[in-house]
Amino acid sequence: MKNSLIITCFFIGGILAGFFRFLPSGWMGTDITRWILFGLIFLVGFVLGTDPRLGMLVRSIRVSVVLVPLAVAAGSLGGAAIGCLLLPSLSLPDSLAIGAGFGYYSLSSIMIGELSGKTAGAIALIANIFREITTLLAAPLLVKWFGTMAPVLSGGATSMDTTLPVIMKYAGKEYLFPALISGIILTMLTPLLISFIYAIF
Amino acid sequence: MWWIALILVAGIITGRLLRSRNRLRPGAEKLLLLFIYALLFFLGSEIGSDPAFTGQIKALGFQGALLALLTIAGSIVAWKIIHLFFHEK
């Protein structure tokens, strides 16, 4: 939660800096931000690779465990496609890419801002922060209405870190494992799917 | 697409090879946050410098919230469908 606030502050700080013309515009889509993005993706992989839980998780993977991130991926893209029908101003690739954020708002908004445009990047940030906050606040209701797996599904990529505590509290301790595996797989899928979506459309 | 996949895999392999050097991880996490702050600041400044921006705030918020709820609902529905098939087997 603390990190979400700091990240949002930087974004809002950027908006103010742009609004009051503190710095020249035209940064996104240039070589500079492209290289920072490459560095960012390398670091995302690096941090995942050094995660002491990674080896243990890869060894314990079963088909039944992969079904959870599969449901999140298919369902999020499906939901985003419906969103595209309801929101005519949003293109299908942008809508799908925003859905492929799976709650990983920092990386998805940056990638979409860079690969598509600032408006889609801003919606990606709002949509994916909203997804994380909804999971954090509504976890008990999600469990009550849709079953114990619901907060893991709703958390998406965040179920490996930020939303893990509420998942364990309201779904149960036995959901630690599915939540970690689903979160790690979706965290890797986010950059791959977003770049794939913009490559094929 | 392939560049991003390659960079991600290169990062995972490098991290895996260097995982015994515990001190690298906190440093990498800090650098990662720094990159995120910088890029989101640039993204924000790009949006803020657009004269049409102030009129768009409400619409962007609404679209974001709707997409968040639809992706959550979609994930739960997809899980229920998969569950249905798995239990009927």
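Me: What should I know before we start?
Reply: This is a predicted model, where local features need pLDDT of at least 70, side-chain atom pairs count only at pLDDT 80 or more, and totals for chains, interfaces and linings use all residues. Residues are numbered from 1 along each chain as its sequence is written, while chains are lettered from A and ligands numbered from 1 in the order in which they are written.

Me: How do you know how many helices and strands chain A has?
Reply: Helices are DSSP runs of H or I with at least four residues, strands are runs of E with at least two, and both are numbered from the N terminus. By that rule chain A has 10 helices and 0 strands. Along the sequence the pattern reads α-α-α-α-α-α-α-α-α-α. Chain B has 3 helices and 0 strands. Its pattern is α-α-α.

Me: What makes the radius of gyration of chain A agree with a compact globule?
Reply: The radius is taken over C-alpha atoms, and the globule rule is 2.2 Å times the number of residues to the power 0.38. For 201 residues that gives a value near 17 Å, and chain A has 17 Å, so the two agree. The C-alpha trace of chain A spans about 50 × 40 × 35 Å along its principal axes.

Me: What does the globule rule give for chain B?
Reply: For 89 residues the rule gives a value near 12 Å, but chain B has 21 Å. The C-alpha trace of chain B spans about 55 × 45 × 25 Å along its principal axes.

Me: Which domains does chain B have?
Reply: Domain bounds come from an automatic or database domain assignment. For chain B the assignment gives domain 1 (1–49) and domain 2 (54–89). Their centres, taken over C-alpha atoms, are 27 Å apart.

Me: Why is Leu77(A) called buried?
Reply: A residue is buried if 20 or more other C-beta atoms lie within 10 Å of its own, exposed if 12 or fewer, and partly exposed in between; C-beta atoms are placed from the backbone. Leu77(A) has 21 C-beta neighbours inside 10 Å, so it counts as buried. This residue is in helix α4 of chain A.

Me: Is Leu16(A) buried, exposed or partly exposed, and what makes it so?
Reply: Leu16(A) has 13 other C-beta atoms within 10 Å, so it is partly exposed. Leu16(A) sits in helix α1 of chain A.

Me: How do you know whether Phe102(A) is buried or exposed?
Reply: Phe102(A) has 31 other C-beta atoms within 10 Å, so it is buried. Phe102(A) lies in the loop between α5 and α6 of chain A. Its phi is near 50°, a positive value in a residue other than glycine.

Me: Why is helix α5 of chain A called largely enclosed?
Reply: Of the 8 residues of α5 (residues 92–99), 6 are buried, so the helix is largely enclosed by the rest of the structure. The buried residues are Asp94(A), Ser95(A), Leu96(A), Ala97(A), Ile98(A) and Gly99(A).

Me: What share of each chain is buried?
Reply: In chain A, buried residues make up 56% of the 201 residues. In chain B, they make up 36% of the 89 residues.

Me: Which residues are in contact with Leu77(A)?
Reply: Two residues are in contact if their C-beta atoms, placed from the backbone, lie within 7 Å. Leaving aside neighbours within four places in sequence, Leu77(A) is in contact with Leu96(A), Gly99(A) and Ala100(A). Leu77(A) and Gly99(A) are 22 residues apart in sequence and 5.5 Å apart in space, C-alpha to C-alpha.

Me: How many residues of each chain are in contact with the other chain?
Reply: In all, 72 residues of chain A are in contact with 55 residues of chain B. On the side of chain A that touches chain B, the largest share, 16 residues, comes from α2(A).

Me: What makes the largest nonpolar core a core?
Reply: A nonpolar core is a set of buried Ala, Val, Leu, Ile, Met, Phe, Trp, Tyr and Cys residues joined through C-beta atoms within 7 Å. The largest has 86 residues, and those with the most contacts inside it include Ile98(A) and Leu39(B). Helix α7(A) gives the most to this core, with 12 residues. Domain 1 and domain 2 of chain B both give residues to this core, so it lies between them.
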